[in-house]
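Visitor: Please pick one part of this model and walk me slowly through the side-chain pairs around it. I would like the cut-offs along the way, too.

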Amino acid sequence: MTRATASISHYDTQYYAKRQSSPTLSAEIQAVTSLLDPRPGDRILEVGCGGGALLSRLTALGLREVVGVDWLRTSVDLARQRGSRTRVIQGDACALPFADSKFDKIVAQHLIEHFEDTNEVLSEWRRVLRPGGLLVIVTPNRRFPHQEWFADPTHRHIFSRTDLGNHLARAKYAVKQIMIINPYVGSLSVQFAAARYLQFMRRIPWFGDLGMSLVAAAERL
C-alpha cells in the first residue's frame, strides 16, 4: 500500500489472508509473472507489495535481486514472514529509497489508483527503472459493471484501458500491452469461478471488455 492508505484499518492481517486466497489474485499473479518474464539476472522491484504473495513467487525463482516496498508496517511484516530470503522495505512509493536506474523491472498491483497525481508516481517509478526496463501495472477496470467492488476511500482514480495507456505515454513509457483479465460473466455470484476457470472468455468482446482488472506492460523510454 501507500502513504495514502496508512490510516485505513481494513488493510490488516485478515484483509490480506482473504485477498491472498482469492482466485482473482491468483489470475493477476499469473498474468504479471508472464509479462515480467523473469530472467536469472533480473533486478525486480514490487512497489506496494502488500502481504507478499507475488513477491514470494518472484523470490522463489532465484533471481539476481527481488525487493518489495510498502508504506504499511503490517504489509512489510507479513511479506517478510512469507520467506527468509525476501527483502522488504517500508517506504514511500512516491519517494523510493533507491538510486536511478536501479531495477530492470518494476511491478505494482492495485496501487496506482491510490494517487491523486498519476504522473508523479509513474515518474518516480521511471526514475529507478533502467532505460528500456519494464513496468507492469495491475489496477481495477473502470468498465467493470460493479464498481462497488472497488469502493475504498483511498481510491483516487479508476482507469479505463485508454486512460491508463495515455497516462503511461505522458510519463514517457512505451506501452507494449494492456489487457483485461478476470472476465465479467454477468453475475457477481460466479465471478470467482470465472476467474478460476473461464479466463479464456476475456478474449471475447463484452465479457473481456467488462472484466475486473487491467494489466499493463510498458517500457521506460
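Guide: Let's begin at R161, which is partly exposed at a relative accessible area of 35% (buried means under 20%, exposed over 50% and partly exposed in between, with a 1.4 Å probe and protein chains only). Before going on, please note that this is a predicted model, in which local features need pLDDT of at least 70, side-chain atom pairs count only at pLDDT 80 or more, and totals for chains, interfaces and linings use all residues. Residues are numbered from 1 along each chain as its sequence is written, and side-chain values use heavy atoms, with hydrogens and water left out.

The partner of R161 is D209, and the two form a salt bridge whose closest N and O atoms are 3.8 Å apart (the rule asks for a side-chain nitrogen of Lys or Arg within 4 Å of a carboxyl oxygen of Asp or Glu). R161 belongs to helix α6 (residues 161–170) and D209 to the loop between α7 (191–197) and β7 (213–220), so this pair ties together parts that are 48 residues apart in sequence. Helices (H or I, at least four residues) and strands (E, at least two) are DSSP runs, numbered from the N terminus. D209 is also partly exposed, at 28% relative accessibility.

D100 sits in the loop between β3 (87–90) and β4 (103–109), while R127 is in helix α5 (residues 118–128); the pair links distant parts of the chain, 27 residues apart. D100 is exposed at 54%, whereas R127 is partly exposed at 25%. R127 also bridges to E124, again with 2.8 Å between the closest N and O atoms. Here both residues lie in helix α5, three residues apart, or about one turn of the helix. E124 is buried, with a relative accessible area of 12%.

W206 and F207 form an edge-to-face pair, with 5.1 Å between centres and 90° between planes. W206 is partly exposed at 44%, as is F207 at 24%. Putting the rings together, ring pairs link F144, W149, F150, Y184, F192, W206 and F207 into a cluster.

Methods
Phe/Tyr/Trp six-rings, centres within 6.5 Å; stacked < 30°, edge-to-face > 60°.
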